[in-house]
Amino acid sequence: MNKQYRFDHKVIYDLIPAGNSVLDLGCGNGELLSKLIRHKGVQALGIEKDFDLVAEAIARGVPVIQSDLDEGLAGLPDHFFDYVILEKTLQAVKKPLLVLEEMLRVGRYGIVSFPNFGHRQVVLSLLRTGRMPVTPSLPYQWHDTPNIHLFTALDFLDWASANKVRVERGFSWTGNGTVQFKEEESAFAVEVLFVVSKEG
Amino acid sequence: MSDALNVLPNERRKRFDGPGEPSSVGYVYPRKIRLADEKNPLPLECGKEIRPVDVEYEVYGELNENKDNAILILHALSGDAHAAGWYHDAEKLGRPWLAKRPGWWDNMIGPGKAFDTKKYCVICSNILGGCYGTTGPSSIDPATGRPYGLRFPVVTVGDWVRLQERLISSLGIQRLVSVAGGSLGGQQALEWALAYPDRVDSAIIIASTAWLSDQGLAFNAVARKAITSDPCFLDGDYYESAGPEQGLAVARMLGHITYLSEISMQRKFGRRFCNGNGPGFQLEADFEVEGYLRHQAKSFVERFDANSYLYITKAADYFDASAWGGGDLDKACQRIKSRILLVSFSSDWLYLPEHMKKLALALGRNRKHVSYANIQSTYGHDAFLLEVDKLTLLVRNFLEGGGQTGE
């Protein structure tokens, strides 16, 4: 979404084993997938709803299907991909639970990253100014933000445990670097990234 | 037919590249080649074979030394080999309607355009059963010395593509950079990717689907019925007389409705009356939309053979990509080795975007390199000839994205 904060790009790139199959939900201009195809030989597919971004991804040689994630992923078989990426997209869809369920249906692992609304700077800004925070990772005014579902790292973990979703790995971007995610330090995470899978 | 209503209301002024402009391929000429004869007839899907078969085709741009820069363009129902450029003397070629306009996809083919003739050698040929230079029902049947008429064998999209393969091979081309077309042309591009997976690097399939819907079959049935029930049809042996002009006109009017959309018709005609006033309280046509359809039909009747319309619509009906997988589209898609670009248009109700997306997913399930884009457009099915900017962006990106998967 915003170009300055590509911590998740690097983390995702490192997480995905060479030769795996990868579906990128909301793949944007295909930058991440094109790197994965070129350097790691992954079998890639992107889904993107914006026509201009689809055209850009095509120019990068990335296979991409124009589709709205809120319509689900019907037509893609169960566990068809090793990894399904949901990079800073979950907060922008109308039906986040549908998208999460579909992600874990078609993929063995899901990789979800999102801006943490529970970051202390965000919370303090709201407390101090009484207005919706505008930060580098949440750079929009309330009326023009694509982020229509705002939630915190802990909200996401609550959803995971209530839905038998196992959190395999967690990472935080603190603004200075990437660290292992810890619940007790979640207020220091500007953005978070979780690797999840369906239990059982 | 009354000529009084031949109005073209609010027709967007089309801007053509003149033959002298740098983005035009300039003056071109049709070529002819015999691709089936006594010794080498063309076997057809229906079980018969046909000979001789002559094919009309055109070439734009230079074929390079390795003969590996060719793109084959496939035309739709009423198209021809004249995809780009201008004829010096359209009258002399017997096609006066082409005197004042360039080829049907001129806005996509030329120096610097989507199919860039500075880079690629672009080829387009007329389909078997057509009426623009390639053997069809109006050609002379060597067995009788008279036009084939309905004695012409039923041909299929598969037959067309096998004939096109003969053309490409005769030009010394082993692999095509791409095969591309809209509507029925898109189905030929898909057939190419299925029939000759090792000979096409990529296929560009626009406003098209893996098969025609039942709704589409129904429209074609009505169109054919209009032609065959015209008293001048004479069982297809009308070449000595005027022919089923009324029937063909009705078929074309019906076709045109399916190529537009409700919104594009409303924008074009807005329920206006031809005379600009109001109802004439007579049963003759008095809405502008009626005048438009009549005009379209009239110019079509002057340039198209009714028997070809029957044969080509039948081929469109029969086309079914899943036949390559014994009726299973997923299985059929296994054959494909080319990169595929699929493009639909949001307001196209003849070849629906959701059907195109289904094809994209079938290819995706086979882990093929497929991209699918749905262009927001109000033009309906006709958009594949009109949405030039967006199509150019996609086609150029796709062709150039083939060589690299980098950033």
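The questions and answers below concern a predicted model.

Q: Why is B:Tyr60 called buried?
A: B:Tyr60 has 25 C-beta neighbours inside 10 Å. A residue is buried if 20 or more other C-beta atoms lie within 10 Å of its own, so B:Tyr60 counts as buried. The residue is found in strand β4 (residues 53–60) of chain B.

Q: Which residues does B:Tyr60 touch, not counting residues up to four places away in sequence?
A: B:Tyr60 touches B:Val25, B:Val28, B:Ala84, B:Gly85, B:Ile109, B:Thr117 and B:Val122, when residues up to four places away in sequence are not counted.

Q: What makes A:His119 a buried residue?
A: Around A:His119 there are 27 other C-beta atoms within 10 Å. The cut-off for a buried residue is 20 or more, and A:His119 is therefore buried. Its place is the loop between β5 (107–115) and α5 (120–129) of chain A.

Q: How far apart are A:His119 and A:Val190 in sequence and in space?
A: A:His119 and A:Val190 are 71 residues apart in sequence, while their C-alpha atoms are 5.5 Å apart in space. A:His119 touches A:Val190, and also A:Ala187 and A:Ala189, not counting residues up to four places away in sequence.

Q: Why is A:His79 called exposed?
A: A:His79 has 11 C-beta neighbours inside 10 Å. The word exposed applies at 12 or fewer, so A:His79 counts as exposed. A:His79 lies in the loop between β3 (64–66) and β4 of chain A. Although A:His79 is not a glycine, its phi is positive, at about 50°.

Q: What makes B:Arg367 partly exposed?
A: B:Arg367 has 16 other C-beta atoms within 10 Å. Buried requires 20 or more and exposed 12 or fewer, with partly exposed in between; B:Arg367 is therefore partly exposed. B:Arg367 lies in the loop between α9 and β14 of chain B, and its phi is a positive value near 55° in a residue other than glycine.

Q: Why are α3(B) and α4(B) described as roughly antiparallel?
A: Helix α3 (residues 214–228) and helix α4 (residues 245–259) of chain B pack at an angle of about 160°, with their axes 7 Å apart. Because angles over 145 degrees count as roughly antiparallel, α3(B) is roughly antiparallel to α4(B). The crossing of α3(B) and α4(B) is right-handed. The contact includes B:Phe219 and B:Val222 of α3(B), and B:Leu248 and B:Val250 of α4(B). By class, this contact of α3(B) with α4(B) has nine nonpolar, three polar and no charged residues.

Q: What makes α1(B) roughly perpendicular to α2(B)?
A: Helix α1 (residues 157–170) and helix α2 (residues 184–195) of chain B pack at an angle of about 70°, and their axes are 9 Å apart. Since angles of 65 to 115 degrees count as roughly perpendicular, α1(B) is roughly perpendicular to α2(B). The crossing of α1(B) and α2(B) is right-handed. In the contact, B:Val157, B:Gly158, B:Trp160 and B:Val161 of α1(B) meet B:Gln187, B:Gln188, B:Glu191, B:Trp192 and B:Ala195 of α2(B). These residues divide into five nonpolar, three polar and one charged.

Q: How do you know that β6(A) and β8(A) pair?
A: Strand β6 (residues 165–173) and strand β8 (residues 191–198) of chain A are joined in the antiparallel sense over eight bridges. Two strands pair if there are at least two bridges between them, so β6(A) and β8(A) pair. Within this pairing, A:Val165 stands opposite A:Lys198 in β8(A).

Q: How do you know that β6(A) also pairs with β7(A)?
A: Three bridges join β6(A) to strand β7 (residues 178–180) of chain A, and the two run antiparallel. The requirement is at least two bridges, so β6(A) and β7(A) pair. A:Phe171 stands opposite A:Gln180 in β7(A). The hairpin of β6(A) and β7(A) has four residues between the strands, and A:Gly175 takes a positive phi near 105° there.

How values were computed
Residues are numbered from 1 along each chain as its sequence is written. Chains are lettered from A and ligands numbered from 1 in the order in which they are written. This is a predicted model: local features need pLDDT of at least 70, side-chain atom pairs count only at pLDDT 80 or more; totals for chains, interfaces and linings use all residues. Axes are lines fitted to C-alpha atoms, for helices over the stretch in contact, and angles run from 0 to 180 degrees between N-to-C directions. Angles under 35 degrees count as roughly parallel, over 145 as roughly antiparallel, 65 to 115 as roughly perpendicular and the rest as oblique. A crossing is left-handed if the near helix is turned anticlockwise from the far one by less than a right angle, and right-handed if clockwise. Two residues are in contact if their C-beta atoms, placed from the backbone, lie within 7 Å. Ala, Val, Leu, Ile, Met, Phe, Trp, Tyr, Cys and Pro count as nonpolar, Asp, Glu, Lys and Arg as charged, and the others, Gly among them, as polar.
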